[in-house]
Amino acid sequence: MAKLTVEVYGVGRPQSGQREIELDLEPGASLEEVLVALGRQAPALAGQVLGADGRSLRPPYVLNINGLSFVEDLSLRPQEGDRILLMAPPAGG
């Protein structure tokens, strides 16, 4: 199993009741599979942060890998030990 950590920011944090969520996934799992596992671990995110299909994000939520790069391609396969940040970009004014 591959271990990944999802850090939850913004509205997702009080909804999930967790700051970080540890996931055990099959090696080579995609970000789409990360979202499915996240929905199982934190079902309160479904429909609010996660899309109705459980395999996507609702706007304006985004994923960031290790604080280095934002990703849109959910077929991307993070590496074991990566930290995936789940957040909504701050609104401008």
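1. Start with the pairing of β1 and β5. These strands run parallel and are joined by four bridges. The model is predicted. Within this pair, Thr5 has Arg83 of β5 as its bridge partner.

2. β5 also pairs with β3. Here the sense is antiparallel, again over four bridges. Ile65 stands opposite Ile84 of β5. Four of the five residues of β5 are buried, so the strand is largely enclosed by the rest of the structure.

3. Strand β1 covers residues 2-8 and pairs with β2 in the antiparallel sense, over six bridges. Glu7 has Glu20 in β2 as its bridge partner.

4. Now the whole sheet. The five strands form an open sheet in the order β2-β1-β5-β3-β4, and the pairing is mixed. The edges are β2 (20-25) and β4 (69-71); each has a single partner strand, so one side of each lacks a neighbour in the sheet. On average, neighbouring strands are turned by 30° against each other, direction ignored.

5. Helix α2, residues 31-41, packs on this sheet. The helix touches β1, β2, β3 (62-65), β4 and β5 (83-87). Its direction makes about 120° with that of β2.

6. Ser16 deserves a look. This residue belongs to helix α1, residues 12-16. Is Ser16 buried or exposed? Its relative accessibility is 14%, so Ser16 counts as buried, the cut-off being under 20%. A polar atom of the Ser16 side chain lies 3.2 Å from the backbone oxygen of Arg13. Leaving aside neighbours within four places in sequence, Ser16 is in contact with Val8, Ile21, Ala42 and Leu45.

7. Next, charge pairing. Side chains of opposite charge can pair when their charged atoms come close. The structure holds five salt bridges. One of them joins Asp24 and Lys3, with the closest N and O atoms 2.9 Å apart. This pair links distant parts of the chain: Asp24 sits in strand β2 and Lys3 in strand β1, 21 residues apart. Asp24 is partly exposed at 45% relative accessibility. Lys3 is also partly exposed, with a relative accessible area of 46%.

8. A further salt bridge connects Arg83 with Glu7, and the closest N and O atoms are 2.6 Å apart. Arg83 lies in strand β5 and Glu7 in strand β1, 76 residues apart, so this pair too links distant parts of the chain. Arg83, at 28%, counts as partly exposed.

9. Glu32 and Arg55 form another salt bridge, the closest N and O atoms being 3.1 Å apart. Glu32 is in helix α2, while Arg55 is in the loop between α2 and β3, 23 residues apart. Both ends are partly exposed: Glu32 has 30% relative accessibility, and Arg55 has a relative accessible area of 40%.

10. Which residues are joined by salt bridges that share partners? Glu7, Glu20 and Arg83 form one such network.

How values were computed: Residues numbered from 1 in each chain as written. Predicted model: local features only at pLDDT ≥ 70, side-chain atom pairs only at ≥ 80, totals over all residues. Heavy atoms only, no water. Pairing = 2+ DSSP bridges. Helix = DSSP H or I, 4+ residues; strand = E, 2+ residues; numbered from the N terminus. Axes fitted to C-alpha atoms, helices over the stretch in contact; angles between N-to-C directions. Contact = heavy atoms within 4.5 Å. Buried < 20%, exposed > 50% of the residue type's maximum accessible area, 1.4 Å probe, protein only. Polar contact = N/O pair within 3.5 Å; in protein donor to acceptor, adjacent residues only side chain to side chain. Salt bridge = Lys/Arg side-chain N within 4 Å of Asp/Glu carboxyl O.
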